[in-house]
Amino acid sequence: MHHIETYISVIPLYAVLVSIAVVPLILMSARNANLREFWTILAGVIKFGLVLTLAPDALQNKAAEFTIIEIAPSVDLVLRADPFGIYFALIASGLWILTSFYSIGYMRGAGEKKQTRYFASFAVCLSATIGIAFSGNLLTFIIFYEILTIATYPLVIHKETKVAIAAGRKYLIYTLTAGLFLIAASAITFILTDTMEFSAGGIFDSTVIPKNTMIILFMLFLCGVGVKAGIIPFHSWLPAAMAAPTPVSALLHAVAVVKSGVFGVVRIVGFIFGPEVMSSYGLNIILIVFSGSTIIIGSLLALRQDNLKRRLAYSTVSHLSYIVLGAALLTSSGFTGGIFHIATHATMKITLFFCAGAIYVNLHKENVSELDGIGKVMPWTMASFTIGALGLAGIPPINGFVSKWFLGIGALEANQIIVLVIFIISGLLNIGYFFPIIQRAYFKEGYDITKNREASMFMVVPLVITALLSLLMGFYPDLLLDFYSIASGISSSLIGGAGL
Amino acid sequence: MIIRNLPAIIPLLFLAAALLIPLINLLKKNSAFSIAVFVSLLASVVSGYGLYYVDTNETIRYSFGGWQPPIGIEYVYDRLAAFVALVINVISLIVITHSLKAVKEELSDREMPYYAITMLLLCGLNGIVLTGDIFNLYVFVEISSLAGYALIAVGEERSPFAAFRYLLIGTIGASLYLLGVGFLFIMTGTLNMINLAQILPSINETPTVIVAVTLMVSGIGIKTAIFPMHGWLPDSYTYAPSTTSALIAPIGTKVGAYVLFRLLFFIFGIDYFSRILPVGDLIAFFASAGIIFGSIMAIAQKELKRMLAYSSVAQIGYIALGIGLANPLGFIGAVLHVLNHAFMKACLFLIAANLRINEGHSDISKFDIKLGKKYPWTFAAFTIAALSMIGLPPMAGFFSKWYLVLATIDSKAWFYLGVILLSSLLNAVYFFRILERIYMKKYSSDEIKEEVVFAGNPNKYEGGLSLLIPVVLLAAGIIVLGLFNASIVSLINRMIS
């Protein structure tokens, strides 16, 4: 077992708190938009910097730990920046900076109201996300998970239209219910094991617990984290939540919120149950069935959507389950591929959402059928879109190929040929729902070619950066932040811990 | 040593105040409010110190008039009593501090008797908690109930009717309890709780004792408003003056819950009411029915105070469920919820009071974004209290629910686990319904939209700092109690160990 050496440090706490700390400043600067946005960017940079200082630990298998208070007798509110937590925090906080710039362009370009509330809620969401990443036990995880639910709500209903309010209700019903399942599952775990710590390889070491109890417990957990992870049939809040402004869809509904759900799934699978218990109780089969069917159904549903953001939402549903399925395989490459897909899907999907938002702000088009000839009007945007779309379809040399490659190997390692088939079919379906967009953009006449204009630089620069990241990570998976090495390190700690 | 007299001091303090307020008022007009605030502040400080003292030293036993039990009446100041007394006195201090404007508004020129009777109510509630004698407890129940009837009856037009109904039902409850006390006295020859706890195990399977338990639990159940004995509660809370609702809702029924703690966990013992006589199962069953019933009724209400009243029925259900589960975790959850719910409900009822004072109504169907903009701090506090009621971390309400959830799992009571989780969702429905209106509900049609942009508040500080500060304090308290619940829980643990 790869023992993780812990040391006490306040940095994880600072990393969580920095964005919530600027909320009063954001609220006070409501009348001065530039100053207000400065606070957001400042918090983003500091947050990313703090997480970055922890990054070397992730490779050395060290974890900074900070106990805030004893929240219940023998249960601490504890932040522990273990490699997996750092990995997720790096992605979320790094992309937050880009999203913040993009938000400025989007919110001003689209003339959205209540921007102060928007930026304030966004900052709280990021605190909650980093809190989720660094949660050292289930109770801490639940606390930040619920904070994230509530902080996202004002963003979902931001436009305050009937559709947005209905989406907000749906969002709350799904996520609050899920929270209750998670609470119940955690309580049962606590009664059964006397602990709620996340520990690589799991905390259920005995096989004395009856099989039925274990299956019910696992299903409760799955309902609890599966809603945010968009596992079908718990997914339908996600397309509805596309009523939110696009930067919200981009960061929260492609990275922070949904990845918190997926992060939760991997935590539960790898750090609560552990690979050994998962396979001995046959829980991995349940997970494979759910995630496998989600991948296929999500992709099929994406094919039918004309609204661009909804198509991306269903694509997200399907891709989130790549990660879940990777974990469900319980093999070294499966974990590596799944965890690596957290990063690659983040860069690719955020690019696509950024593009959708740029198109909306610039041309007020929301539907795929209206995009004829748009490639000539917005060349940078559509080039980036193409990179992201190709990556999601798993075409080399974009980073989506790398994660998919390892997922495929994981399926072979687990002798699950059907899983490999699912990945291949899904790749084809990805081509099926992305290529018509690309084809319309480049090979159909629609717009006057002389009208070559892009959205504001605030929007175009971030989306080009994320597209470039996706492309370069395909060549160098360890580009800049060693995402691949960290992912494979986490994977071996999980598999090594179980002694498989 | 004065500390030995602590158990007697607190009820006497309020009793003295109740008598002194009319007298001093003859000399100095409008002094009632200041005396009431001063006395409840004193009581809070004393009970705060008392809790610290009994937690670090030992239980204080005080024999009234020097007569030793079982002949004399004994007052017992142990951790549980000290804890509940502190909750009562702190909440009443905050509510009374807030009350000046509300009482002036709703009860002009009847302030003096109102505060005098309030003191009597608090004397009764503290007495119930501190006495160690089951008959003396009955006396204090009657004192607090009579004061309660009066405080309710001075409210709106329909309040005398509500108070009369409460009086009838409440009297039945008290009588049942008294009958039970009689049976127990016949069997044991003592009224002292500690004595009873020693004698009962040998005779607790006799029919007389069983009848006694049944009568006492039903009687207190009426006072606590455990479903289906809650009928008096919604009308009383709705039509009573705002201050009365804010005072009785958080602490009145909690004292009933305290009596159940005392009777079942300390006098009869967990083993008795969970294994020998299935009282616990019965309480848990009715409690969970009450949780669901109260939550659904709350969803159906159009008036804030009435909604909060039904929500109280549900929340009392949580406490009763914790009692009924009859395990240490349930006890922790229930006692913690006594504290947490007191803070949440006081906060919410005070907000309803503020709305009535400033806007003249607390009608949910008239809530809109304009109201939200006019009272930003008030509704920020409302949001915190609402999230806590729903049971979202890190608010206090989450943690009491957490222990109740652990308790249901420990007892393998899956049905009750489902009830707790379902009711959280129902809570979310009726609170988010209001939040949605406050933060998003525009004018119904195309009425001049510009007016939504609120130009500034004519009432400075949302109707005055005296109304706002108590609300904000309670809301802050909800968060603080949530974050520091571990030390409270370990205190509760020490109560039963």
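1. The largest nonpolar core has 394 residues, and those with the most contacts inside it are A:Tyr87, B:Met119 and B:Cys347. A nonpolar core here is a set of buried Ala, Val, Leu, Ile, Met, Phe, Trp, Tyr and Cys residues joined through C-beta atoms within 7 Å. A residue is called buried if 20 or more other C-beta atoms lie within 10 Å of its own, exposed if 12 or fewer, and partly exposed in between, with the C-beta atoms placed from the backbone. Setting aside neighbours within four places in sequence, B:Cys347 is in contact with B:Ala381, B:Ala385, B:Val471, B:Leu474, B:Ala475 and B:Ile478, where contact means that the C-beta atoms of two residues, placed from the backbone, lie within 7 Å.

2. A word on the basis of these notes: this is a predicted model, in which local features need pLDDT of at least 70 and side-chain atom pairs count only at pLDDT 80 or more, while totals for chains, interfaces and linings use all residues. Residues are numbered from 1 along each chain as its sequence is written, and chains are lettered from A and ligands numbered from 1 in the order in which they are written.

3. Where the two chains meet, 22 residues of chain A are in contact with 24 residues of chain B. On the side of chain A that touches chain B, β2 (62-72), α6 (138-156) and α7 (162-193) of chain A each supply at least two residues, and α7(A) gives the most, with 11 residues. These element names refer to DSSP runs numbered from the N terminus, helices being H or I of at least four residues and strands E of at least two. By class, this side of chain A has 18 nonpolar, 1 polar and 3 charged residues; Ala, Val, Leu, Ile, Met, Phe, Trp, Tyr, Cys and Pro count as nonpolar, Asp, Glu, Lys and Arg as charged, and the others, Gly among them, as polar.

4. Helix α7 of chain A also holds A:Leu182, which counts as buried because it has 26 C-beta neighbours inside 10 Å. Not counting residues up to four places away in sequence, A:Leu182 touches A:Ile142, A:Tyr145, A:Gly224 and A:Val225. The C-alpha atoms of A:Leu182 and A:Leu217 are separated by 9.7 Å, although the two residues are 35 residues apart along the chain.

5. In helix α7 of chain B (residues 193-203), B:Met193, B:Leu196 and B:Leu200 are buried. Seen down the axis of α7(B), these buried residues fall within an arc of 40°, so they line one face of the helix; the arc is that of the directions from the helix axis to the C-beta atoms. B:Gln198 and B:Ser202, on the other side of α7(B), are exposed. The buried residues of α7(B) pack against β2 (74-77), α5 (134-153), α6 (159-188), α8 (207-224) and α10 (242-268) of chain B.

6. B:Leu339 lies in helix α14 (residues 328-359) of chain B, and it is buried, with 24 other C-beta atoms within 10 Å. Leaving out residues up to four places away in sequence, B:Leu339 touches B:Val87, B:Leu481 and B:Ile488. B:Leu339 and B:Ile488 are 149 residues apart along the chain, yet their C-alpha atoms are separated by 9.7 Å.

7. How do two helices of chain A, α3 (residues 33-60) and α5 (residues 115-134), cross, and at what angle? Their axes come within 10 Å and cross at roughly 10°. Axes are lines fitted to C-alpha atoms, for helices over the stretch in contact, and angles run from 0 to 180 degrees between N-to-C directions. α3(A) and α5(A) are therefore roughly parallel to each other, as angles under 35 degrees count as roughly parallel, over 145 as roughly antiparallel, 65 to 115 as roughly perpendicular and the rest as oblique. The residues of this contact divide into 6 nonpolar, 3 polar and 3 charged.

8. Some backbone details deserve a look. Most residues other than glycine have a negative phi, and most peptide bonds are trans. The peptide bond from A:Ile232 to A:Pro233 is cis, with omega near 10°, and A:Pro233 is found in the loop between α8 (211-226) and α9 (237-240) of chain A. Phi of A:His364, a residue other than glycine, is positive, near 60°, and A:His364 is exposed, with 9 other C-beta atoms within 10 Å.
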